[in-house]
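Dear colleague,

Please find the structure below, handed over for your work. My notes on it follow directly after.

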Amino acid sequence: VDSMSVKPSGAGKVSQLNAVILGEALASEAHDLVFPSRDFSSQALVSSPEKYEEMYKRSVEDPAGFWSDIASDFYWKEKWSQPVCSENLDVRNGNIKIEWFKGGRTNICYNCLDRNIESGNGGKVAIYWEGNEPGFDASLTYAQLLDKVCQLANYLKDMGVRKGDAVVIYLPMLMELPIAMLACARIGAVHSVVFAGFSSESLAQRIVDCKPKVVITSNAVKRGPKVISLKDIVDAALVESAKNGISVDACLTYENQSAMKRETTKWQEGRDIWWQDVVPKYPTTCDVEWVDAEDPLFLLYTSGSTGKPKGVLHTTGGYMIYTATTFKYAFDYKPSDVYWCTADCGWITGHSYVTFGPMLNGATVIVFEGAPNYPDSGRCWDIVDKYKVTIFYTAPTLVRSLMRDGDEYVTRYSRKSLRVLGSVGEPINPSAWRWFFNVVGDSRCPISDTWWQTETGGFMITPLPGAWPQKPGSATFPFFGVQPVIVDEKGIEIEGECNGYLCVKSSWPGAFRTLYGDHDRYETTYFKAFPGYYFSGDGCSRDKDGYYWLTGRVDDVINVSGHRIGTAEVESALVSHPKCAEAAVVGVEHEVKGQGIYAFVTLVEGVPYSEELRKSLIMTVRSQIGAFAAPDRIHWAPGLPKTRSGKIMRRILRKIASRQLNELGDTSTLADPNVVDELIKLADS
Ligand code: PRX
């Protein structure tokens with residue numbers, strides 16, 4: 001097959017695939033298979049199922065050998081001690097502990113920059129920056145990037161930031177965002193990037209939790225036609241943090257001139273400093289702080305099903321090796337590639353696959369400040385043609401929204417440079433997969449549908465383009481060293497074709513090591529549900545051919561446009577509104593976002609429903625969490641369906657929200673079954 005083509009299963013190669021992976025005959029007729037072209041496979045890093053099988057087998061039978069061979073390609077000031085990995089993933093055997101390359105001393109910034117420069121790539125473009133407005137752009141070579149990183153690192157040191165200190169970064173997608181991450185890593189400081197779409201309250205919550213010495217921000221950002229004053233948000237967050245006893249010494253502010261001039265920016269003398277006034281004055285060299293492989297690299301907060309966001313902590317050595325390796329194989333990376341990941345560095349995807357993974361490979365990366373549909377829906381393909389992007393990695397929500405806008409926005413651009421496409425954040429529905437494949441990739445580019453999480457640091461289940469025929473909507477097979485298991489409710493592992501809860505057996509180098517300041521919560525959330533395994537919180541099925549199909553979260557986490565939002569967080573924002581007595585939030589299918597937020601709200605006695613109140617409730621969530629968490633729908637609820645012991649029955653609420661009214665199931669156990677009829681009556685009001 002010379003070009004990739006969508007074929008029904010049953011073709012000859014499939015039996016070979018089954019023979020290799022499952023050791024059993026082909027059975028599935030249910031799913032289409034998309035084969036990589038012979039051309040693509042012949043030049044791919046992993047060019048056949050056999051090659052994958054051989055590497056995978058070694059990675060799980062001899063993880064120490066497999067990973068230390070790879071780690072040897074990186075720079076270690078001192079080599080790690082034996083064993084390469086020491087772990088306990090079973091709560092029944094004591095505290096959970098994961099360590100990789102312990103005793104090894106290294107630095108991820110050195111490996112991203114100095115190492116690549118020393119090998120002769122100092123003149124290669126590290127970052128092409130594309131601004132919100134077409135025509136605004138800039139670039140930095142690896143050598144120039146190192147200079148900038150060193151200047152900032154020196155500034156931070158001068159401000160008293162030392163190894164192990166936290167720095168909060170609240171920046172839009174300017175080059176200064178990866179620069180700030182790398183500068184922290186260079187001096188052993190622990191960065192915590194907060195997505196610049198979070199509200200001041202969310203930012204304050206994170207500042208209070210990790211107590212940074214310095215906050216790095218920018219005065220404003222333009223997203224599409226809208227200017228957002230980030231500095232105002234930071235100011236409010238710092239007032240809020242001070243109320244909680246956390247005062248921050250310095251707020252380093254980058255003047256983002258195309259969005260807002262410094263004259264119009266509110267300023268607090270003594271605390272606020274313009275980046276451009278101080279950082280360029282520092283030397284362009286800065287000694288590296290050599291850190292232990294298990295020293296913390298960063299904290300990234302993510303939503304859970306209960307309580308406040310969790311500070312996911314990643315350490316240095318294992319994360320470095322894992323992000324570099326996953327990037328290389330899942331995108332079949334070649335040094336000539338130009339790579340664009342549309343994620344913001346405020347999320348894990350931007351950490352592992354805008355900054356660290358690509359730069360560890362010496363890749364040329366696009367950093368895009370703007371919105372993908374500004375000035376129109378062709379912007380992505382305009383950028384692809386402008387920089388001759390070869391690898392394009394995005395989220396299904398963007399694919400669906402561009403698909404809705406029409407093919408003509410895509411086909412008016414060449415896109416000839418594209419070679420590999422990628423998807424992340426939520427299951428990609430087969431129709432979006434096909435559109436991405438056929439229209440964007442001209443039926444030529446394999447799609448790496450990468451399943452992973454903030455907690456996993458890097459890809460866990462992902463196609464290796466060139467190795468496998470793909471099935472639209474399946475993340476295919478585990479990455480090297482990853483042993484997924486599907487368990488039933490009792491935690492019993494199910495073999496073969498099945499459906500259940502997705503867990504992982506034994507650790508991988510990129511695994512997170514703890515939740516900052518709360519190792520108990522770490523153990524309870526991830527390791528106690530199914531003892532002996534890491535529990536992902538996702539449902540999953542495995543088909544007859546051994547392909548994995550992610551089916552979405554099984555806990556109270558909603559995945560909106562690939563962003564994790566805890567129902568509990570939205571509920572607590574809603575009930576903080578003086579007129580809201582109670583709230584229950586569920587996820588509901590959404591055409592573009594994947595899932596939307598659907599909130600049932602009970603008002604304080606005597607308060608009438610009104611459009612104004614609906615808006616004010618939504619505003620409360622926007623200001624407490626961020627605009628991306630705003631409910632799509634408020635459903636007035638005179639009462640909520642509860643069991644006699646007072647537990648809200650979300651199962652019923654989910655059915656009402658999705659209007660599956662014939663499938664409400666048994667409501668007789670409710671304290672007051674009439675509540676359900678009332679809710680149905682108010683469904684469309
Ligand atoms: O439910 C899964 C979904 O996103 C969750 C992880 O979210 P977060 O930590 O914010 O990281 C997002 C980027 C890695 C997972 O538990 N998810 C992520 N990628 C996929 C996915 N679901 C299905 N297919 C994917 N490719």
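In this predicted model, helix α7 passes helix α8 in a right-handed crossing. The axes of α7 (residues 142-158) and α8 (residues 176-186) come within 8 Å and cross at roughly 60°, which means that α7 is oblique to α8. On the α7 side, the contact is formed by Lys 148, Val 149, Leu 152, Ala 153 and Leu 156; α8 contributes Ile 179, Ala 180, Leu 182, Ala 183 and Arg 186. Of the residues in this contact, eight are nonpolar, two are charged and none is polar.

The UniProt record, an unreviewed entry, places the feature "domain: AMP-dependent synthetase/ligase" at residues 121-507. Over that range the chain is 31% helix and 23% strand, with the end C-alpha atoms 34 Å apart.

Some points of backbone geometry may also concern you. Most residues other than glycine have a negative phi, and most peptide bonds are trans. The bond from Gln 82 to Pro 83, however, is cis, with omega near -5°; Pro 83 sits in the loop between α4 (63-71) and β3 (85-88). The bond from Tyr 374 to Pro 375 is likewise cis, with omega near 0°, and Pro 375 belongs to the loop between β19 (364-368) and α14 (379-387).

Ser 443 has a positive phi of about 55° and lies in the loop between α17 (430-440) and β22 (447-449). Ser 443 is partly exposed, because 15 other C-beta atoms lie within 10 Å. Ser 561 has a positive phi near 50° and is located in the loop between β29 (557-560) and β30 (563-566). Ser 561 is buried, because 20 other C-beta atoms lie within 10 Å.

Yours sincerely

Technical notes:
Residues numbered from 1 in each chain as written. Predicted model: local features only at pLDDT ≥ 70, side-chain atom pairs only at ≥ 80, totals over all residues. Axes fitted to C-alpha atoms, helices over the stretch in contact; angles between N-to-C directions. Helix = DSSP H or I, 4+ residues; strand = E, 2+ residues; numbered from the N terminus. Parallel < 35°, antiparallel > 145°, perpendicular 65-115°, else oblique. Left-handed = near helix turned anticlockwise from the far one by under 90°. Contact = placed C-beta atoms within 7 Å. Nonpolar A, V, L, I, M, F, W, Y, C, P; charged D, E, K, R; others polar. UniProt positions renumbered as here; feature names shortened; annotations may be inferred. Buried ≥ 20, exposed ≤ 12 C-beta atoms within 10 Å, placed from the backbone.
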